[in-house]
Amino acid sequence: MGMSVTISVATEQDTEQIFKLQYLCFQSEAALYGNYRIDPLVQSLESVRQEVAADCVFVARLGEEVVGSVRGRVTEDGSASIGKLCVHPRLQGHGIGARLLRAAETALVEERGAKKFRLSAGHRSEGNLRLYRRVGYETVGTSEGTDGVPMIILEKPAEAYVTTA
C-alpha cells in the first residue's frame with residue numbers, strides 16, 4: 001500500500017530538504033539553457049532559510065521526504081510573486097505542482113491579501129508554461145532573468161485562484 005503526497009506549510013526543519021530538492025529539480029532547467037548559474041542553483045542555504053521564515057512556503061511530502069516546494073510573497077502593490085515551484089523528477093506529471101500552486105495561491109489571498117498572482121518561466125520551459133496556462137495564468141510580458149535566461153511573465157487575478165482550487 002503506497003503513501004499519499006500531502007501538502008503543508010514548510011517549517012524551518014524543511015529548509016535543508018527544500019534546498020537539496022531545488023538543486024536537483026532545477027538541473028533540467030539549467031541543461032535546457034546551457035546555464036548552470038541559474039538563480040535556483042546558486043541560491044544559498046541561508047537565503048532559502050530566510051525565505052521559509054518570511055515568505056509563504058509550502059512543501060509536498062511523501063512520508064517524511066519533501067518531494068515538492070513552492071514559494072510566494074506579496075509585494076507592496078498587492079501582487080503575489082510565486083516562484084521556485086519544483087517537484088522531484090520521479091513524481092512529476094501527477095498533479096503535485098498544481099496542488100502546490102493552489103495551496104500557495106489560497107494562502108496568499110486569504111492570509112496576505114494578494115490581489116493578483118505573478119510568476120515567470122524560462123521561454124523554453126514548455127512543461128512549466130503548460131501547467132501555468134492550464135491553471136489560468138496568461139502571458140503579460142517578457143524579461144531577462146538576473147542569470148541571463150529569457151523569461152515569460154504570466155499573471156492571473158487573485159479571484160481566479162478559486163478556479164484552480
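**Exercise 1.** Work out which parts of the chain the salt bridge between Asp14 and Arg61 ties together.

*Solution.* Begin with the contact itself: the side chains of Asp14 and Arg61 meet in a salt bridge, with 2.8 Å from N to O, where a salt bridge is a side-chain nitrogen of Lys or Arg within 4 Å of a carboxyl oxygen of Asp or Glu. Helices (H or I, at least four residues) and strands (E, at least two) are DSSP runs, numbered from the N terminus. Finally, Asp14 is buried at 5% relative accessibility and Arg61 is buried at 17%, where buried means under 20% relative accessible area, exposed over 50%, and partly exposed in between (1.4 Å probe, protein chains only).

The model is predicted, so local features need pLDDT of at least 70 and side-chain atom pairs count only at pLDDT 80 or more, while totals for chains, interfaces and linings use all residues. Residues are numbered from 1 along each chain as its sequence is written, and side-chain values use heavy atoms, with hydrogens and water left out.

**Exercise 2.** Find which residues are joined with Arg49 into one network of salt bridges.

*Solution.* First, Arg49 meets Glu12 in a salt bridge of 2.5 Å, N to O. Second, Glu46 forms a salt bridge with Arg49, their closest N and O atoms being 3.4 Å apart, and both lie in helix α4, three residues apart, about one turn of the helix. Salt bridges that share partners therefore join Glu12, Glu46 and Arg49 into one network.
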